[in-house]
Amino acid sequence: MARSRSGTRGRRGPRKPPRRDGAFVPGSVQVADPRERGAIELPGTITVKELAELLGVNPADIIRELIKSGIFATINQLVDRDTASLVAGELGYEVAEAAQASGTNGADGEIDSPITEATKEVLYEEDDPSLLQPRAPIVTVMGHVDHGKTSLLDAIRTTEVAARERGGITQHIGASEVTHDGKRVVFLDTPGHEAFTAMRARGARVTDIAVVVVAADDGVMPQTLEAISHAKAAKVPIVIALNKIDKPDANPDRVKTQLTEAGIVVEEYGGEVPLVPVSAKTRLGLDELLEMILLVADIQELKANPKRPAVGTIVEAELDKGRGPVATALVQTGTLKVGDIIVVGETSGRVRALENDKGKRVTKAGPSSAVVVLGLSEVPAAGDILRVVSDDKEARAMVESRKAATAAKGGEGSGRATLEDLYRQIQAGQAKELRVILKADVSGSLGAITYALEQLDQDEIRLNVLHEGAGDITDNDIMLAAASNAIVVGFNTKITETARRAAEAERVDVRLYDIIYKLTADIEAALKGLLEPEVIEVVEGRAEVRQVFRVGKNTVIAGSFVTDGRIVRGNARVWRGGKVIATDKIESLRRFRDDVREVATNYECGIGLAGFHDLVEGDVIECFTSQTLSRAVAG
């Protein structure tokens with residue numbers, strides 16, 4: 001069957017790929033190198049086999065290039081034109097209309113040269129003011145669960161959603177755009193303030209305005225206060241959306257009073273925070289809310305330079321079996337184009353395709369645009385910064401440099417604030433503020449502790465309570481502390497298991513107290529630079545109980561498997577169902593019949609506790625030691 005493939009019609013028998021240097025390959029048909037024919041025309045879709053025949057190469061070469069982009073294809077699998085174009089480019093072939101995908105010039109030829117080695121770390125805030133142009137605001141919607149965040153977003157973008165085909169697959173890309181009075185507004189579809197703060201913890205500054213949704217019938221709730229704390233910590237302007245205003249039991253005045261008590265004084269009460277009554281159900285006030293967002297954006301004079309290489313932030317990412325790593329990027333400045341070489345965190349790639357929030361293919365995306373990016377070699381993390389660089393060599397150098405820097409840090413942690421750090425900073429004359437996340441068992445305790453802490457402010461050192469609340473210390477508190485370089489203080493409360501792991505990963509300093517004067521004494525000592533040496537707890541290892549042996553009346557041996565770290569004699573606690581059910585000591589530790597001092601990961605052992613004998617299969621025994629950190633007073 002004849003096909004319109006340049007230089008391939010009429011060829012018979014198997015062919016070997018031409019050598020890159022043009023030399024004859026024994027057993028192959030001596031033909032002109034397809035790269036000498038000029039630009040190659042590619043169809044909208046093409047199979048791997050057809051592409052190999054068109055380029056005159058072995059299909060294995062095509063598959064190898066696809067694997068580099070994270071796409072595991074078979075010889076008969078279809079690939080789109082953008083993918084085929086990039087593969088051809090990697091193999092040294094020119095494709096028709098390559099100027100559009102070259103990554104060096106836009107259609108209008110006005111895009112600046114890509115970032116060079118000297119300018120690659122320059123942030124978009126440092127652009128030449130004469131090159132800046134107004135850009136759309138980026139808005140995050142936050143608030144208490146069930147107060148209508150999702151309903152409000154859905155109501156705002158109803159037109160866009162309704163315009164999509166019924167029964168079609170709506171691609172969730174983590175962001176959506178709305179146009180009001182000819183002006184764009186970009187809404188981030190984050191799960192809430194947790195994701196917002198997680199991105200901030202990684203150094204991403206993605207939000208211009210925070211819309212805090214409060215239900216008019218329910219009022220200010222714990223998550224409302226958390227959302228406000230996160231927005232304040234990020235120094236982002238707040239707009240209050242008073243939702244469910246149409247309900248019979250709506251009480252706007254009560255909500256405004258509660259907001260004032262939470263430190264948010266609305267404009268009606270003489271403050272600076274706008275409040276807009278809305279109803280996601282009846283669509284009441286939606287236009288007013290959009291107008292208010294645009295007004296707040298106008299006051300900020302949001303601008304970016306569209307004529308420079310793009311800088312953006314990854315909102316979310318995943319591995320798609322058919323398309324490889326897929327990431328949603330929020331372009332904050334510059335213009336991202338198909339064909340651009342990008343570095344994202346510790347991975348890189350070439351932009352193979354871009355899709356907007358409607359799922360349509362686009363060739364470029366300017367400032368304040370959310371697009372799906374295809375072409376990365378690995379899946380990046382939410383919050384990673386995307387940058388366009390000049391070439392593959394520079395991209396590889398940046399990635400290798402970042403990986404080396406991460407490896408060099410090793411176990412040094414992420415440099416979060418601790419009371420010890422504050423002490424050293426005070427001695428060096430650097431510290432000006434101690435930021436605290438405060439959690440207590442009941443709200444009554446919070447008031448007493450907050451009052452006591454307020455009395456500790458020093459002339460040169462300020463205490464800043466970023467957030468306070470009743471209940472356990474959660475991973476949300478840890479993420480806020482990580483993002484804000486704060487410490488977490490708990491009174492008569494505990495830290496959840498997921499929060500404990502997050503604190504270890506993020507190196508967040510968590511202090512638990514059951515005596516109020518000890519809490520205030522530690523904070524005061526830190527503020528005065530007189531902190532006593534700290535006794536810290538170090539988890540040595542964990543073992544899972546696989547079998548329980550009862551020896552005699554009061555002796556129980558737990559046949560265990562060490563899953564993490566090492567097990568040593570000494571302090572231990574027993575976990576069951578995610579909760580600590582006992583604190584004890586490891587009295588005996590055996591490997592087969594031998595008494596041993598320690599047992600390492602992936603080895604079995606027998607553990608005997610001194611006092612707790614109600615062990616069951618599935619329990620986790622965690623051993624820990626206490627260490628005293630002493631330090632000399634500088635001076």
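**Close-up 1. Glu 497 and Arg 500 form a salt bridge in this predicted model.** Their closest N and O atoms are 2.5 Å apart. A salt bridge here is a side-chain nitrogen of Lys or Arg within 4 Å of a carboxyl oxygen of Asp or Glu. Both residues sit in helix 15 (residues 497-506), 3 residues apart, so about one helical turn separates them. Helices are DSSP runs of H or I with at least four residues, strands are runs of E with at least two, and both are numbered from the N terminus. An α-helix has 3.6 residues a turn, so residues three or four places apart point the same way. Glu 497 is buried, with a relative accessible area of 18%. Arg 500 is buried at 13%. Buried means under 20% relative accessible area, exposed over 50%, and partly exposed in between (1.4 Å probe, protein chains only).

Residues are numbered from 1 along each chain as its sequence is written. Local features need pLDDT of at least 70, side-chain atom pairs count only at pLDDT 80 or more, totals for chains, interfaces and linings use all residues, and side-chain values use heavy atoms, without hydrogens and water.

**Close-up 2. A network of salt bridges includes Glu 497 and Arg 500.** Also linked in it are Arg 501, Glu 504, Arg 542, Asp 564, Arg 573 and Glu 622. The structure holds 26 salt bridges.

**Close-up 3. Lys 247 pairs with Asp 217 in a salt bridge.** The closest N and O atoms lie 3.5 Å apart. Lys 247 is in the loop between strand 8 (238-243) and helix 9 (252-261), and Asp 217 is in the loop between strand 7 (209-215) and helix 8 (222-233), so the pair ties together parts 30 residues apart in sequence. Lys 247 is partly exposed, at 36% relative accessibility.

**Close-up 4. Lys 337 and Asp 340 form a salt bridge.** Their closest N and O atoms are 3.3 Å apart. Both residues are buried.

**Close-up 5. An open sheet of 4 strands runs in the order 21-20-22-23.** The pairing is parallel. Two strands pair if DSSP finds at least two bridges between them. Strand 21 (462-470) and strand 23 (510-513) stand at the edges with a single partner strand each, so one side of each has no neighbour in the sheet. Strand 20 (residues 433-440) and strand 22 (residues 487-491) are joined by 5 bridges.
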